[in-house]
Amino acid sequence: GDKNPVYDKLFPTRFLKNRVLISQWGIAATLLGLAKWAQVAGIGTVLKVYGAPLLVVNFWLVLYTWLQHTDVDVPHYDSNEYSFIKGALSTIDRPYGRVLNLLHHGIGRTHVAHHVAS
């Protein structure tokens with residue numbers, strides 16, 4: 001069949017392509033499981049028990065990520081100025097207080113190190 005140059009560049013090895021395929025099957029199985037659950041328990045139950053918590057957690061993660069990557073002191077680079085290390089250092093550590101720092105395992109105050117070490 002035809003080759004997809006973008007797909008081949010993103011996932012150049014058979015191992016990576018298989019991982020994508022496994023992930024796609026996992027997503028399909030999750031959706032089928034949710035559909036079956038909705039069939040048995042009703043869509044309201046699924047939305048209340050699965051959908052609402054999923055939205056709350058995703059909102060929280062997006063907000064947390066946005067706060068770590070957005071600040072008046074964080075520089076923005078053009079493509080000709082950008083480098084990996086500049087990008088890694090262009091984030092911000094934000095402590096969120098004792099309780100949230102404990103619940104999030106300190107990720108707010110160690111965010112720049114995460115970018116440099118990953």
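Three aromatic pairs turn up in this structure. To pair, rings of Phe, Tyr and Trp (its six-membered ring) need centres within 6.5 Å; planes under 30 degrees apart are stacked, over 60 edge-to-face, and the rest tilted.

Take Tyr7 and Phe11. They make a tilted pair, with 5.3 Å centre to centre and 55° between the planes. Tyr7 is partly exposed at 30% relative accessible area, and Phe11 is partly exposed at 25%. Here buried means under 20%, exposed over 50%, and partly exposed in between, with a 1.4 Å probe and protein chains only.

Next, Tyr64 and Tyr96. This pair is tilted too: 4.7 Å between centres, 35° between planes. It links distant parts of the chain, 32 residues apart. Tyr64 sits in helix H3 (residues 43-69), and Tyr96 in the loop between helix H4 (84-89) and helix H5 (98-103). Tyr64 is buried, at 4%; Tyr96 is partly exposed, at 21%. Ring pairs also bring in Trp60, giving a cluster of Trp60, Tyr64 and Tyr96.

A word on the source. This is a predicted model, where local features need pLDDT of at least 70, side-chain atom pairs count only at pLDDT 80 or more, and totals for chains, interfaces and linings use all residues. Residues are numbered from 1 along each chain as its sequence is written, and side-chain values use heavy atoms, leaving out hydrogens and water.

Now the whole protein. It has six helices and zero strands; these are DSSP runs, H or I of at least four residues for helices, E of at least two for strands, numbered from the N terminus. Of its 118 residues, 17% are buried.
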